[in-house]
Amino acid sequence: MMNRTILVGRLTRDPDLRYTPTGNAVANFTVAVNRPFKNQEGQQEADFVNCVTWRKQAENLANYQKKGNLIGVDGRVQTRTYEGQDGKTVYVTEILAESIQFLESKNNGNTGQNNQPGTNTQPNQQNNQNQSNFNNEDPFANNGQPIDISDDELPF
């Protein structure tokens, strides 16, 4: 069986970070995901998908992302129920975010030079520091020579 969801969209509000009685961080957030077509009036429509994430990832999301930022979410659909204040059963369907990618710079709402797609819940400032270690030479210019990479440097 498979239960996998991948979303790319904008936060509709700042993430809501809370802590359980045992001290685990949990963040609730909603992602607006554009539909791949326009309605009859020619306007873009979006779905608003409720999501939740836990622990350090929840803290990173709350600390580095805000309303309007573009993020990528990889997770699974989960459903749960609870009894509301009126005594009726409330049904909730949400995405349990297992991985969150920050797709825009922390400092502005636009994709910029400092953007590092694929950065997994890390502030872009760290990536900028890493980029400053490179000189202005073309890293892909090797004059046809083999590239010397050890197995320890591969990410897989």
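The model is predicted, so to speak of local features takes a pLDDT of at least 70 and side-chain atom pairs count only at pLDDT 80 or more, while totals for chains, interfaces and linings use all residues. Residues are numbered from 1 along each chain as its sequence is written, and side-chain values use heavy atoms, with hydrogens and water left out.

The protein has 2 helices and 6 strands, taken as DSSP runs numbered from the N terminus (helices H or I, at least four residues; strands E, at least two). Along the sequence they come in the order β-β-β-β-α-β-β-α. Of the 156 residues, 30% are buried, meaning under 20% relative accessible area with a 1.4 Å probe and protein chains only, with exposed set at over 50%. The accessible surface (Shrake-Rupley, 1.4 Å probe) is about 11,300 Å², and carbon and sulfur atoms own 46% of that.

Strands β2 (residues 16-19) and β3 (residues 25-38) run antiparallel, joined by 4 bridges; pairing takes at least two DSSP bridges. Leu17 sits opposite Ala27 in β3. The two strands make a hairpin with 5 residues between them, and Gly23 in the turn has a positive phi of about 95°.

Helix α1 (residues 55-64) buries Gln57, Ala58, Asn60 and Leu61. These lie on the same side of α1 because they cover an arc of only 165° around the axis, going by directions from the helix axis to the C-beta atoms. The buried residues of α1 pack against β2, β3, β4 (44-54) and β6 (89-102), where contact means heavy atoms within 4.5 Å. Exposed Lys56 and Asn63 are on the face turned away from the buried side of α1.
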